Amino acid sequence: MAFESEYLVTGAVKRIVFPIPNSTSTDTVRVTIFRRSDSFYWDFAATGAFAATAMNAAMTYVQGEFWQSSFTPPTSDVYL
């Protein structure tokens, strides 16, 4: 499991790209976004919403061992 903490600004799209060693395009890779200020999780099903329960979504295979997703934060904060 990979963790990366970063301060993100409101409305700026953050492209998330991670290498997943030994992965293939047929694997399922999921991402969870955690807001550090209140310990809530991004709800991928409800645009612009956070929830107390952990949520995740599938990442998209790019090539080799790389997978991607994106996130546009509704508030400036530190996300993990």
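This is a predicted model: local features need pLDDT of at least 70, side-chain atom pairs count only at pLDDT 80 or more; totals for chains, interfaces and linings use all residues.
**Figure 1. The hairpin of strands 8 and 9.** Strand 8, made up of residues 60-63, pairs with strand 9, made up of residues 66-71, in the antiparallel sense over 3 bridges. Within this pairing, Tyr-61 stands opposite Trp-67, a residue of strand 9. The two strands form a hairpin with 2 residues between them, and in the turn Gly-64 has a positive phi of about 60°.

**Figure 2. The edge-to-face pair of Trp-42 and Phe-71.** The structure holds 6 aromatic pairs. In the pair shown here, the ring centres of Trp-42 and Phe-71 are 5.0 Å apart and the ring planes stand at 75°, so the arrangement is edge-to-face. Because Trp-42 lies in strand 5 (residues 40-42) and Phe-71 in strand 9, the pair ties together parts that are 29 residues apart in sequence. Both Trp-42 and Phe-71 are buried.

**Figure 3. The stacked pair of Phe-50 and Tyr-79.** Phe-50 and Tyr-79 form an aromatic pair that is stacked, with 6.1 Å from centre to centre and 20° between the planes. This pair links distant parts of the chain, since Phe-50 belongs to strand 6 (residues 50-51) and Tyr-79 to strand 10 (residues 77-79), 29 residues apart. Phe-50 counts as buried because its relative accessibility is 16%, under the 20% cut-off, and Tyr-79 is buried as well, with a relative accessible area of 3%. Trp-42, Phe-50, Phe-71 and Tyr-79 form one aromatic cluster.

Figure 4. A search of the whole structure finds 1 salt bridge. Arg-35 counts as buried at 12% relative accessibility, whereas Asp-38, at 31%, counts as partly exposed. Asp-38 is found in the loop between strand 4 (34-35) and strand 5. From C-alpha to C-alpha, Asp-38 and Ala-57 are 20 Å apart in space, and 19 residues separate their positions in sequence.

**Figure 5. Positive phi values at Asn-22 and Ser-39.** Most residues other than glycine have a negative phi. Asn-22, although it is not a glycine, has a positive phi of about 65°; this residue is found in the loop between strand 2 and strand 3 (30-31), where Asn-22 counts as exposed at 76% relative accessibility. Ser-39, likewise a residue other than glycine, has a positive phi near 65° and lies in the loop between strand 4 and strand 5. Ser-39 is partly exposed, with a relative accessible area of 41%.

Technical notes. Residues are numbered from 1 along each chain as its sequence is written. Side-chain values use heavy atoms; hydrogens and water are left out. Two strands pair if DSSP finds at least two bridges between them. Helices (H or I, at least four residues) and strands (E, at least two) are DSSP runs, numbered from the N terminus. Rings of Phe, Tyr and Trp (its six-membered ring) pair if their centres lie within 6.5 Å; planes under 30 degrees apart count as stacked, over 60 as edge-to-face and the rest as tilted. Buried means under 20% relative accessible area, exposed over 50%, partly exposed in between (1.4 Å probe, protein chains only). A salt bridge is a side-chain nitrogen of Lys or Arg within 4 Å of a carboxyl oxygen of Asp or Glu.
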